[in-house]
Amino acid sequence: MKFFLISDNIDTAIGLRLSGVVGTVVHEREEILEAFNNALKEEEIGVLLITELAAQKIPQEIRNHKLSGKLPLIFLIPDRHGWRGEKDFITNYVEEAIGVRINE
């Protein structure tokens, strides 16, 4: 099972390449979608890492794949500028799962 990266910037791609993760750098929606669909076709890829900004350009496709329950697993990762999304998303997931507010 391999990891694969779809990144919108070279810095993230180089950093992960140093740890053995191969990938591609793409910027436009069509390029990202093509890389995403190609990664889904590769049976050896078990985990697909996609940078947050790249993922923002194909949200429906990512959602549809996650709901399908198929491999590869998809993880959104921050780039070198840090996480742009909701800061306490893990806390929110836990609160939704257990039905109790943790931070009040």
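**Exercise 1. Classify the accessibility of Arg29 and examine the salt bridge that Arg29 forms.**

*Solution.* Arg29 has a relative accessible area of 35% and is therefore partly exposed, since that class covers values between under 20% (buried) and over 50% (exposed). The model under study is predicted. The next step concerns the partner: Arg29 forms a salt bridge with Glu61, and the closest N and O atoms are 2.7 Å apart. Because Arg29 belongs to helix α2 and Glu61 to helix α4, the pair ties together parts that are 32 residues apart in sequence. Finally, Glu61 is also to be classified: its relative accessibility of 22% makes Glu61 partly exposed.

**Exercise 2. State how many salt bridges the structure holds, and describe the one formed by Lys2.**

*Solution.* The structure holds three salt bridges. In one of them, Lys2 pairs with Glu44, with 3.2 Å between the closest N and O atoms. This pair links distant parts of the chain, 42 residues apart: Lys2 is in strand β1 (residues 2–7), and Glu44 is in the loop between α2 and β3 (45–51). As to accessibility, Lys2 is partly exposed at 46%, and Glu44 is partly exposed at 48%.

**Exercise 3. Determine whether Glu95 and Arg101, partners in a salt bridge, are buried or exposed.**

*Solution.* The pairing comes first: Glu95 forms a salt bridge with Arg101, the closest N and O atoms lying 3.6 Å apart. Glu95 has a relative accessibility of 10%, and therefore counts as buried. Arg101 has a relative accessibility of 54%, and therefore counts as exposed.

**Exercise 4. Locate His65, classify its accessibility and list its contacts beyond four places in sequence.**

*Solution.* His65 is found in helix α4, which comprises residues 59–68. Its relative accessible area is 10%, so His65 is buried. With neighbours within four places in sequence left aside, His65 is in contact with Phe36, Leu40, Lys70, Leu71, Pro72 and Ile74.

**Exercise 5. Identify the residues of the negative surface patch and place Glu28 in the secondary structure.**

*Solution.* For the charges of the protein chain as a whole, the mean positions of the 12 positive and 17 negative charges are 1 Å apart.

**Exercise 6. Describe the overall architecture and surface of the protein chain.**

*Solution.* The protein chain contains five helices and four strands. Their order along the sequence is β-α-β-α-β-α-α-β-α. Along the principal axes, the C-alpha trace spans about 40 × 30 × 25 Å.

The contacts are considered next. Of those in the protein chain with a separation of 6 or more, 59% are between residues 24 or more positions apart.

Of the 104 residues in the protein chain, 33% are buried. The accessible surface is about 7,000 Å², and carbon and sulfur atoms account for 55% of that area.

How values were computed:
Residues numbered from 1 in each chain as written. Predicted model: local features only at pLDDT ≥ 70, side-chain atom pairs only at ≥ 80, totals over all residues. Heavy atoms only, no water. Patch = residues over 30% accessible without salt bridge, like charges linked within 9 Å, V, L, I, M, F, W, Y side chains within 5 Å. Areas by Shrake-Rupley, 256 points an atom, 1.4 Å probe, with all protein chains shown as cover. Salt bridge = Lys/Arg side-chain N within 4 Å of Asp/Glu carboxyl O. Lys, Arg positive; Asp, Glu negative; His and termini not counted. Charge placed at Lys NZ, Arg CZ, Asp CG, Glu CD. Helix = DSSP H or I, 4+ residues; strand = E, 2+ residues; numbered from the N terminus. Buried < 20%, exposed > 50% of the residue type's maximum accessible area, 1.4 Å probe, protein only. Contact = heavy atoms within 4.5 Å.
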